[in-house]
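Please look over the sequence and the model shown here before reading on.

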Amino acid sequence: MFWIREHISKMPSFNTFNTHADTIDNNVEMNPALCIETCKSLIEGICKTILTNKAYIYKDDIKFQELVRQTIEVLVINSYNHKEKLCELARRIASVAQVIAEIRNNSGFASHSQDIKNISVDSTMSLFIYKITDVIGGFILHYYMTHNNPKKDSRIHYEDCDQFNEYFDDANPLVIGFLTLSASEAMYQQDYEAYREEYLNYLETKVEK
């Protein structure tokens, strides 16, 4: 999970997915079925988080293939370079994701109990899916991180906004007695909408400069 971990390290709000990555890394050979099941869950979680952050609605019962395709197309919708090719790749990547889902459904470690005679997956299959997952998830996170332009209805995570938080705290020192507090964190906790507006104005000002 090198590519996925690389981008998670740059976006603290995604840190929870390190647990998935740990499970995958530790079970490629020891428990291939669990590895494959967690690969699907990891991509699914990343996609749903990004769509929610970008205020795009998806169906509760959305199929895995459609979820991946929708996520990638939402990310590339404003691309000026190779948009049609990126959308085509999104459809093809979604097809690969669907095969992963089918393999998971046929050999799931926990979700789909199988007959004792059912042929289990081996480490070759789990390693292959492990690598595919890192490519799919890594690409989605990379594109999200490098082309993300928050809008007024986007979900903002305080821990992902270090530069703005530092800027706002420097411009608005908050001292109570002998304590120096974080004005940005206080605003985020007490008035999220005001924080989001200030953050979006900050990003807009940076672009103008």
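In helix α8 (residues 183-190), the buried residues are Ala183, Ser184, Met187 and Tyr188, where buried means under 20% relative accessible area, exposed over 50% and partly exposed in between, with a 1.4 Å probe and protein chains only. Because these buried residues fall within an arc of 135° when seen down the axis of α8, they line one face of the helix; the arc is that of the directions from the helix axis to the C-beta atoms. Gln189 and Gln190, on the other side of α8, are exposed.

Helices are DSSP runs of H or I with at least four residues, and strands are runs of E with at least two, numbered from the N terminus. This is a predicted model, in which local features need pLDDT of at least 70 and side-chain atom pairs count only at pLDDT 80 or more, whereas totals for chains, interfaces and linings use all residues. Residues are numbered from 1 along each chain as its sequence is written, and side-chain values use heavy atoms, with hydrogens and water left out.

## Aromatic rings

The structure holds 13 aromatic pairs, counted for rings of Phe, Tyr and Trp (its six-membered ring) whose centres lie within 6.5 Å, with planes under 30 degrees apart taken as stacked, over 60 as edge-to-face and the rest as tilted. Phe164 and Tyr195 form an edge-to-face pair, 5.3 Å centre to centre with 80° between the planes. This pair links distant parts of the chain, since Phe164 lies in helix α7 (residues 162-171) and Tyr195 in helix α9, 31 residues apart. Both Phe164 and Tyr195 are buried, and both belong to one aromatic cluster that includes Tyr158, Tyr188 and Tyr202.

## Arg196

Arg196 has its place in helix α9 (residues 192-208) and counts as buried because its relative accessibility is 11%. Leaving aside neighbours within four places in sequence, Arg196 is in contact with Lys152, Asp153, Ser154 and Ile156, contact meaning heavy atoms within 4.5 Å.
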